[in-house]
Amino acid sequence: MDSIDRKLAGELLRIEAVLLRPDDPFTWASGWHSPIYCDNRRILSDPGLRAKVAGWLAETALREFPGAETVAGVATGAIAHGVLATEKMGKPFAYVRPAKKDHGTGSQIEGVLLPGSKVVVIEDLVSTGMSSLAAVAALREAGADVLGMVAIFTYGFEIAAKRFEEAGVRLVTLSDYGALIEEATATGYVGASDAEVLRRWRLDPAGWNPTAD
């Protein structure tokens with residue numbers, strides 16, 4: 001399979017950046033029970049994959065948002081990925097904190113961001129979309145023209161798609177939940193019954209009851 005989404009999904013499984021545990025679900029900070037956990041910071045510890053992902057992010061950002069003048073990473077997970085990709089793009093870089101600092105300059109955006117700058121945002125993971133779009137809102141408040149966002153992975157929740165549409169933000173991802181399940185099934189990482197559990201979870205993650213499966 002030559003597509004980046006399946007290639008990356010396989011790599012994420014290989015380095016255990018993504019863990020699938022339908023029989024022993026994780027509990028997210030939101031309280032949701034989940035058969036999947038994704039930590040894309042593990043990519044940074046694998047030099048080969050780190051370079052590949054940086055290249056894919058840079059190529060995708062340049063292709064999909066050719067007018068971008070500046071790259072902004074979402075703290076904290078996308079700072080390192082954003083810097084690595086931006087180095088390949090030859091663009092200025094800044095990053096967005098979750099909230100304004102309560103000391104010093106009180107900045108939420110770190111780095112130089114000129115008013116009116118056309119910005120592409122780099123994100124490591126999109127779940128519900130709230131934190132990703134909060135960064136977009138901060139950039140817009142600072143006067144940036146946000147062209148869109150490139151993320152490493154998305155769960156593909158309907159609520160996230162709705163929020164991005166309402167915010168007028170185009171989201172492009174390197175891989176997604178569908179590609180992950182396809183790769184996990186094709187390689188025997190999970191069986192057919194577990195794959196079905198994983199598919200059902202994504203339809204209603206907030207209401208999913210692991211004991212029902």
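I started at Val53 and listed what it touches, skipping residues up to four places away in sequence: Leu8, Ile43, His81, Ile152 and Leu174. Contact here means heavy atoms within 4.5 Å. This is a predicted model, where local features need pLDDT of at least 70, side-chain atom pairs count only at pLDDT 80 or more, and totals for chains, interfaces and linings use all residues. Residues are numbered from 1 along each chain as its sequence is written, and side-chain values use heavy atoms, with hydrogens and water left out.

Next I checked the core. The largest nonpolar core has 66 residues, and Val53 is among those with the most contacts inside it, along with Leu20, Leu139, Phe153 and Tyr155. I take such a core as buried Ala, Val, Leu, Ile, Met, Phe, Trp, Tyr and Cys residues joined through side-chain atoms within 4.5 Å. Buried is under 20% relative accessible area, exposed is over 50%, and partly exposed is in between (1.4 Å probe, protein chains only).

Then I looked at helix α2, residues 47-64. Its 18 residues reach 26 Å from first C-alpha to last, close to the 26 Å expected at 1.5 Å a residue; the expected span is 1.5 Å times one less than the number of residues. Helices (H or I, at least four residues) and strands (E, at least two) are DSSP runs, numbered from the N terminus. Buried residues of α2 include Leu49, Val53, Trp56 and Leu57. The buried residues of this helix pack against α1 (4-14), α3 (79-89), β8 (118-126), β9 (145-154) and β10 (171-176).

On to the sheet. I found an open one of 6 strands with mixed pairing, in the order β7-β6-β5-β8-β9-β10. Its edge strands are β7 and β10, each pairing on one side only. Strands count as paired if DSSP finds at least two bridges between them.

At one end, β9 and β10 run parallel, joined by 5 bridges, and Met149 stands opposite Leu171 in β10. Helix α6 (residues 177-186) packs on the sheet, touching β9 and β10, and its direction makes about 10 degrees with that of β10. For that angle, axes are lines fitted to C-alpha atoms, for helices over the stretch in contact, and angles run from 0 to 180 degrees between N-to-C directions.

I then followed β6 (residues 93-96). β5 (residues 70-74) pairs with β6 in the parallel sense over 4 bridges, with Phe93 as the bridge partner of Val71. The pairing of β6 with β7 (residues 109-110) is antiparallel, over 2 bridges, and there Tyr95 stands opposite Glu110.

Most residues other than glycine have a negative phi, and most peptide bonds are trans. The bond from Ala75 to Thr76 is cis, with omega near 0 degrees, and Thr76 lies in the loop between β5 and α3. Glu16 is not a glycine, yet has a positive phi of about 65 degrees.

Last, where does Pro22 sit? I found Pro22 in the loop between β1 and β2 (26-27), buried at a relative accessible area of 12%. Its C-alpha is 6.3 Å from that of Asp194, 172 residues apart along the chain.
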